[in-house]
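Dear colleague,

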Amino acid sequence: TQAWREFWEEQLYYIHNGVQMGGMWIPGRFYYYMNFSVMGSLEKGVITPDMCDLHLELAYLIEHVKEQCKNLICAKGRRKGISEFTHKAVIDYGWRFTYGYKSGIVSGKKKYVDEFVSKWEFGEKYLPPELKTKHSGGNKIISGYEQKNEFGDFEPQGTQNIILSETVHNDPNPLKGYYFNDVVVEEVGETEK
């Protein structure tokens, strides 16, 4: 319907450009995080994020850093929701809404890489169909699909954005040779190399 089209055009505009609301500017990545993010909890089931000034400030910082083409290393404390924020407002946002996006998820232990990716997969499962994208699985999640061309050959379609997940316990260089927009190092204190 026309109302449905207008609603999703407005949502995509806010996701890409942010929105002025309540006298303040809300970055698109924060709008996406607050309105389309779900998390899992053994006790509560599926939950949505609470408004948190720390996450809004982090969204402002990320926007500033990306606009200035700078780098950011963000150390974090436990139980602040930063990993949940990062998987949705940084990795998923970039992968879903930025052309040519590549991200790396690494840790010294496979368990931590797998946990981060499973959080991303959980959030993907609960997105509205209008925001979903086809993708491959495994340790290299690529957005897009293959389609037959007029010669009968399969060609990649879609953005071909990448989320690459690797363990760096034995080899500290599995990401060497790639350019990444974002890299997440989970449990860096337990990564020997």
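The notes below begin with the whole chain and then turn to individual residues.

Please bear in mind that this is a predicted model, in which local features need pLDDT of at least 70 and side-chain atom pairs count only at pLDDT 80 or more, whereas totals for chains, interfaces and linings use all residues. Residues are numbered from 1 along each chain as its sequence is written, and side-chain values use heavy atoms, with hydrogens and water left out.

The secondary structure comes to 5 helices and 10 strands, where helices (H or I, at least four residues) and strands (E, at least two) are DSSP runs numbered from the N terminus. The radius of gyration, taken over C-alpha atoms, is 18 Å, close to the 16 Å that the globule rule gives for 193 residues, so the protein is as compact as a globular protein of that length; the rule itself is 2.2 Å times the number of residues to the power 0.38. Along its principal axes the C-alpha trace spans about 55 × 55 × 40 Å. Of the 193 residues, 40% count as buried, a term that means under 20% relative accessible area, with exposed meaning over 50% and partly exposed what lies in between (1.4 Å probe, protein chains only). Where contact means heavy atoms within 4.5 Å, 61% of the contacts between residues at least 6 apart in sequence join residues at least 24 apart.

Helix 2 (residues 28-36) is largely enclosed by the rest of the structure, because 7 of its 9 residues are buried; these are Gly-28, Arg-29, Phe-30, Tyr-31, Tyr-32, Tyr-33 and Phe-36. Two of them, Tyr-31 and Phe-36, are touched by Gln-11, not counting residues up to four places away in sequence. Gln-11 is itself found in helix 1 (residues 2-17) and is buried, with a relative accessible area of 6%.

Leaving out residues up to four places away in sequence, Glu-124 touches Trp-95, Arg-96, Lys-132, Thr-133 and His-135.

The loop between helix 3 (53-67) and helix 4 (82-97) holds Leu-72, which at 38% relative accessibility counts as partly exposed. Apart from its neighbours within four places in sequence, Leu-72 is in contact with Leu-61, Ile-62 and Val-65. From Tyr-33, Leu-72 is 39 residues away in sequence and 20 Å away in space, C-alpha to C-alpha. Cys-69 lies in the loop between helix 3 and helix 4 too, and is exposed, with a relative accessible area of 72%.

Finally, there are backbone angles to look at. Cys-69 has a positive phi of about 55° although it is not a glycine, and Gln-160, also a residue other than glycine, has a positive phi near 60°. Gln-160 is placed in the loop between strand 8 (154-157) and strand 9 (162-167), where at 30% relative accessibility it counts as partly exposed.

With kind regards
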